[in-house]
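Biologist: Before I plan anything around a structure like this, I would like to learn how to read its features one at a time. Could we go through it together?

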Amino acid sequence: MRMKLRGVNLVLALLIAAGTLAGLAGARARWHVEARNRRVEIALEWDEVSRLAQAAQKPLPDILTQFRAQGVSTLVIAEETLGSLEQGGAARVTRVFAPSGSYYTDVALASPLLLPRIAHSLQTHGIRPGTAPTDRTDNVAFFTLHGTRFHLQAAPDGGASGVTNAGTSGATEIYISAEYNTLRTLGMGLPADAVKATQAARLHIAARTGNFAGIGLASAQAVLNGLHAQGAGTIIFNGDDVMGYRGLEKAVAGAFRDPAAPTAPAIPGDVSLAPTGMAYGAVEFGKQRGDETVTSALRGDYVRVHSIQIAEMGQLSPDEIIDRFVRAVRERNIRFCYVRLLTLAGDDPAGENIAFVKKIAQGMERGSEATGGGLEFGPARRFAETGVSRLVFALVGLGVAGGFVWMLRAVCSLPDPASLALLGLAGL
């Protein structure tokens, strides 16, 4: 009886030892991966920085240079939309009614450059301009149900903003058989002035884009390729959904795979977008629908983002905000910090925000690798695979099972057959 007990205990001891050694080997591999990825990307929002320059009455390039000196490497730029053109005064929207009650939405554009851009954006999203109805009244308006007409705004002399050739085809208007409200949030690419200013300041671009009605594989690929062509290195989706929700999330995830990484075996029947070279920014604690599907499909091949919403910023003190970002990086390996500005008011709003960002960077730099500090700043890298095999994880699991059974045998009388049966069950 004593030999049998010794035999079972010996098996348990060997499993615990093997699991411990396997755990140490896995931890060592992970530590090396983390030690090679010590770069943190601090990003500010383009709209906030441009408004800060206006509030501080300082040149935008000077503001960007000072932020870059404090560790900021990226600006987050949101896609321009028809709605933002309307708010900025570049488009005038009027709903025109006919006596019969039918109507269309008339969108008058202030710049001749906008019409071909809108036409290109619509086609990129899989929406092709239709033929304008021929039934017109007063030589101005045509009436149809839920239609939208884009055209150049008439100049005082009656011309189309002084331009007769609005696009490559010479057209001065395009017509879409769709309600304008369904088009207002349609992305039109990143604003050219924001891209130019960001690149001139030697900063990187993280683009914000969203899901859209009627999305397909071709249109999703075209939109993402267009953002990459404008210089975007990271994509952070805005709105309640990720691009492709619901049904195309796994395919869209393919656009964010590392082109240099070995490709996973294809699953029969699965389709995937071609890699764009951009990384997917997965917002920590985010509530976007479809995010879990995208991150699961990428299997860790993405960049984790920490951000604090504007509403929550107002409830936290500056020190609490700084601590949130520092702890996210040092304790949870966050490598992309999406930082909102602290204030746009006061005698020196630029100085206050620059000092605020400097404290965040100093908190990340403080200490050494052993204490989670000693970080550098620049574009975030994807974490590489640890290279730990499944056998190592199996041994860790068996070690835990052995320790569990050993504990039960120490606190209660457990027969050998029951111990072995429980060990097998716990091991599974």
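What follows is a conversation about a sheet, a helix pair, a loop residue and some backbone angles.

Modeller: Please keep in mind throughout that this is a predicted model.

Biologist: Let us begin with the sheet; in what order do the strands of the open sheet run, and which kind of pairing does the sheet have?

Modeller: As a general idea, strands of a sheet pair through backbone hydrogen bonds, either parallel or antiparallel. Here the open sheet has four strands in the order E3-E4-E7-E8, and the pairing is mixed. Strand E3 (91-97) and strand E8 (173-176) stand at the edges, and because each has a single partner strand, one side of each is left without a neighbour in the sheet. From one strand to the next, the twist averages 20 degrees.

Biologist: In which sense do E7 and E8 pair, and what packs on the sheet?

Modeller: Strand E7 (residues 147-152) pairs with E8 in the antiparallel sense over four bridges, and His151 stands opposite Glu173 in E8. Helix H5 (residues 114-124) packs on the sheet, where it touches strand E4 (103-109), E7 and E8, and its direction makes about 30 degrees with that of E8.

Biologist: How should I read the meeting of helices H11 and H12?

Modeller: One looks at the distance, the angle and the residues in contact. The axes of H11 (residues 318-332) and H12 (residues 349-365) come within 9 Å and cross at roughly 35 degrees, and the crossing is right-handed. Among the residues making the contact are Ile322 and Phe325 of H11 and Phe356 and Ile360 of H12, and the residues of this contact divide into nine nonpolar, one polar and two charged.

Biologist: Is Arg340 buried or exposed, and which side chain does a polar contact join to that of Arg340?

Modeller: Arg340, in the loop between strand E13 (336-339) and H12, counts as buried because its relative accessibility is 9%, under the 20% cut-off. A polar contact of 2.8 Å joins its side chain to that of Glu45, and the residues that Arg340 touches include Glu48, Arg208 and Phe356.

Biologist: Which residues have backbone angles that deserve a second look?

Modeller: Most residues other than glycine have a negative phi, and most peptide bonds are trans. Gln57, however, has a positive phi of about 55 degrees, and Asn333 has one of about 60 degrees. Gln57 is exposed, with a relative accessible area of 72%, whereas Asn333 is buried at 14%. The peptide bond from Tyr245 to Arg246 is cis, with omega near -5 degrees.

Note on methods
Residues numbered from 1 in each chain as written. Predicted model: local features only at pLDDT ≥ 70, side-chain atom pairs only at ≥ 80, totals over all residues. Heavy atoms only, no water. Axes fitted to C-alpha atoms, helices over the stretch in contact; angles between N-to-C directions. Helix = DSSP H or I, 4+ residues; strand = E, 2+ residues; numbered from the N terminus. Left-handed = near helix turned anticlockwise from the far one by under 90°. Contact = heavy atoms within 4.5 Å. Nonpolar A, V, L, I, M, F, W, Y, C, P; charged D, E, K, R; others polar. Buried < 20%, exposed > 50% of the residue type's maximum accessible area, 1.4 Å probe, protein only. Polar contact = N/O pair within 3.5 Å; in protein donor to acceptor, adjacent residues only side chain to side chain. Pairing = 2+ DSSP bridges. Lists of a residue's contacts leave out its neighbours within four places in sequence.
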